[in-house]
Amino acid sequence: MHAVLFLAFLQSVSQTVRPSDAIGFEPGTDSMLADWRQVSGYMNTLALRSEYVHVDTLGRTTEGRPFLLMTITAPANQQRLAEIKRAQALLADPRRLTDADLAEIRTRQPAVILISNNIHSTEVASSQMGMTLAYQLATDSGLRRLLDSVVVLMIPSMNPDGLDTVVSWYRRYKGTRYEGGPLPWLYHKYIGHDNNRDWFMQTQVETQLVTRMLYKEWFPEIVYDVHQMGSNGVRLFVPPFQDPVNPNIDPAIVAGINLVGAQMASALADAGLTGVGHQLTYDLWWHGGFRSTPTRHNMIGILTEAASTRLGSPITLSVDSVGQPARGVNYAAPWPGGTWHLGDIVRYELITSQSLVHLAARDRIGIIDRFVGLGRRAVEAGLTGNPFAYVLPSDQRDPESWSTLANVLLAGGVEVWRAQERFSAEGRTYPAGSLVVPMAQPYRAHAKDLLEPQHYTPVNDRPPYDVAGWTLPMTMNVRADVVNQPFTANLVRVDSVVPTPGKIEGSGEVFFLKNRTNAESRAVAQLLAAGQPVTIVGDSLMVRGPRARAILTEQAARHGFTVTAVSKAPAAGVGVTRQRLPRIALYQPWTGNIDEGWTRWLFEQYGISYTTVHDADVRKGGLRQRFDVIVLPDVDGSSIVSGVDSTRIPSQYAGGFGEGGSSAISAFVRGGGTLVCLDGSSDFAITTLNLPVVNVLAGEASGPQVLRFYAPGSIFGTVLGGVEGSRSPVTLGVPDSLDVYFENSAAFTVSGPARALATYPREPLRSGYVRFPERLAGKAALVEAPVGSGQVILFGFRPQFRGQTHGTFKLLFNAVLLAPH
């Protein structure tokens, strides 16, 4: 009998294709990288050959490639995946789980872990490592035995589009001076490196696919996010993370992370590998990354960061040139220096991944019990209040932003309920249709962390790893009331939220918009594209034209705003009329600028047509004949002019737009064009056009210097200038006070004829952290400056930050659609 089983094992292994047989080289070989066709092709072939491996296509990427999820587990588990998923859903929501259910599930349920590779496409090693890991799990007898007790979910690449972008670039310049150098464009079509900053907002297709799998389908107990970092430090960061710990993260999550990190470090030490460090750089404060958002869903979130090579090419570092910490408990075995290969990264990542599988199999019941316990504590904490619930009233300034916030919560697995009738809570009365987010639910931490203000306190004067604050009601300008005491209401649970359809009120063919919602800007863009005139009249927009009624009827019904119709236009108070959609240029530097990508994405979401321009387009001049508006994204002023040096990137992408481009921009503005500068590019405009504006933070907001102003990503309040009826078109329809997102951004002093459109109050901080906030008091956040026949609009912040700041989208839309030009 044993001989028959052994023969069957040998036959199954012999039928399983090695990665090197499929792609022609061993993953991790110097200067050899597999692209997505090769990686996905191998994974699909492995699934066909091995009963341990199953591949699902979760959907299509931004550019249409298949997005794969692998399920690797014992054949008996493969036969009952639906049952395992149902049990995971019960474990994730212990309100539906009886003690008898739990006892029965514990006897047969495998632990479920997820290993995610290659979200940042230049961190390419894990996309190669995954092939070897899958092969080993499917063929190694010791690992296969573990798969009775664990389901390994693996995403071969979180960004297949970017993997192909990076591999294509690497292959093109391999063997030249540019081998392994920087790319001139983003490795995600829209957001580049920020694809790992999208995990609560879920603006991108890939984020949406994985989020649905995590919190609606599979509910893994452990999520492992495999990364790389810079080359010149430790060889591998492994948890524990450094302080601080976000107050919404349960201590058992922290303990679980430390346990996994210790297991990984032990396995690496046993293999004789050096340069493994802990408590470096990466903290447990920030919400929004792939390893951090799961921790608000009762999942152990693990991150490792390996030292990078030059993509696939090795690097050589002497021990004296490596920035290593001193030997100690967090860095027991310093790296001796030498040549660092892609294969070294693959080896380290294979060991950490295998160690996680060993731990999950060995501690299966403990992992399940911790997962259930975390969910139970979340529910209990919500029942005790502080808070008991959040209420999102239905009578919001922008109904679409309100519904978007609710849908962000829903997509993240949070329960949202709608009031069927009016109710009261803590002395406030809410209309029917208001939304209630009860805190007595398993994903309480996720909802609470998104809805409440953050109060970051530095530890040893360290800044947060990413940002300090992210409160969505503030960034989206949506009212969300905290309720600490229990209340009763007639509620029904919802799966999605849409605004109450708007309509045209009144009669006539002259239409008025209040311009208070982002959806109205979408309608304005469509109206102007159709040649329907739009006129500023006081604090409103007047629309006329044969197609106006049809367009506004559809847009109002779909997006929830109200239009007023009258029989004739007013005789007085009529301002500038737009006859057509402005010709908008969006500058795209050859530096892979993330802010440009976000701007491009936002314009496309709202139907605002634009033309991408590069350095050569700017340098050749004649801009005013081609464009009405030019948008410069958040780019350092010197980078706009100088770009990347030709020693690092091919000459066609090097050098910025130079002095010739600066002169062309100046001629454009003086000739009547509108230049819109976002954050860092404001310094370019101030210098180039000699504006009567000073960025008082220029040169000192680049890092946490103890004696200087410092504000990592945080939310600041602003006050808008001007009285009703005299505001700039840029602030038309915007409330008198507005929260903006500030990430080491700009602040201005202004003298005539420039004017401040928004300024910071004496105490600007609303959520996050700031050092020396008094430096901002009275300074301008948004400036309008006439130059010749044109104008410049300076944003001292990013109004479209990471697709999150719905509350300030309107300012950017007004700047490109309504500002004089």
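A: In this predicted model, the side chain of His120 reaches the backbone oxygen of His193 at 2.8 Å. That is a polar contact, meaning a pair of N or O atoms within 3.5 Å; within protein, one must be able to donate a hydrogen and the other to accept it, and residues adjacent in sequence count only if both atoms are side-chain atoms. Residues are numbered from 1 along each chain as its sequence is written, and side-chain values use heavy atoms, with hydrogens and water left out. Local features need pLDDT of at least 70 and side-chain atom pairs count only at pLDDT 80 or more, while totals for chains, interfaces and linings use all residues.

His120 sits in the loop between strand S3 (111-117) and helix H7 (125-139). Helices (H or I, at least four residues) and strands (E, at least two) are DSSP runs, numbered from the N terminus. His120 counts as buried because its relative accessibility is 2%; buried means under 20% relative accessible area, exposed over 50%, and partly exposed in between (1.4 Å probe, protein chains only). Leaving out residues up to four places away in sequence, His120 touches Tyr187, His193, Asn195, Asn196, Arg197 and His227. Contact here means heavy atoms within 4.5 Å.

Next, the nonpolar cores. A nonpolar core is a set of buried Ala, Val, Leu, Ile, Met, Phe, Trp, Tyr and Cys residues joined through side-chain atoms within 4.5 Å. The largest one has 95 residues, and Ile72, Val150 and Val152 have the most contacts inside it. Helix H12 (residues 342-362) supplies the largest share of this core, eleven residues. Apart from it lies another core, of 68 residues, including Ala406 and Met439. Among the residues that Ile72 touches are Tyr52, Leu137, Val150 and Val152.

Last, a sheet. Six strands form an open sheet in the order S20-S24-S21-S23-S22-S25, with mixed pairing. Two strands pair if DSSP finds at least two bridges between them. At the edges are S20 (504-506) and S25 (574-578), each pairing on one side only. From one strand to the next the twist averages 30 degrees. S21 (residues 510-513) and S23 (residues 540-543) run antiparallel and are joined by three bridges; Leu513 stands opposite Leu541 in S23. Helix H18 (residues 548-559) packs on the sheet, touching S20, S21, S23 and S24 (563-566), and its direction makes about 35 degrees with that of S21. Axes are lines fitted to C-alpha atoms, for helices over the stretch in contact, and angles run from 0 to 180 degrees between N-to-C directions.
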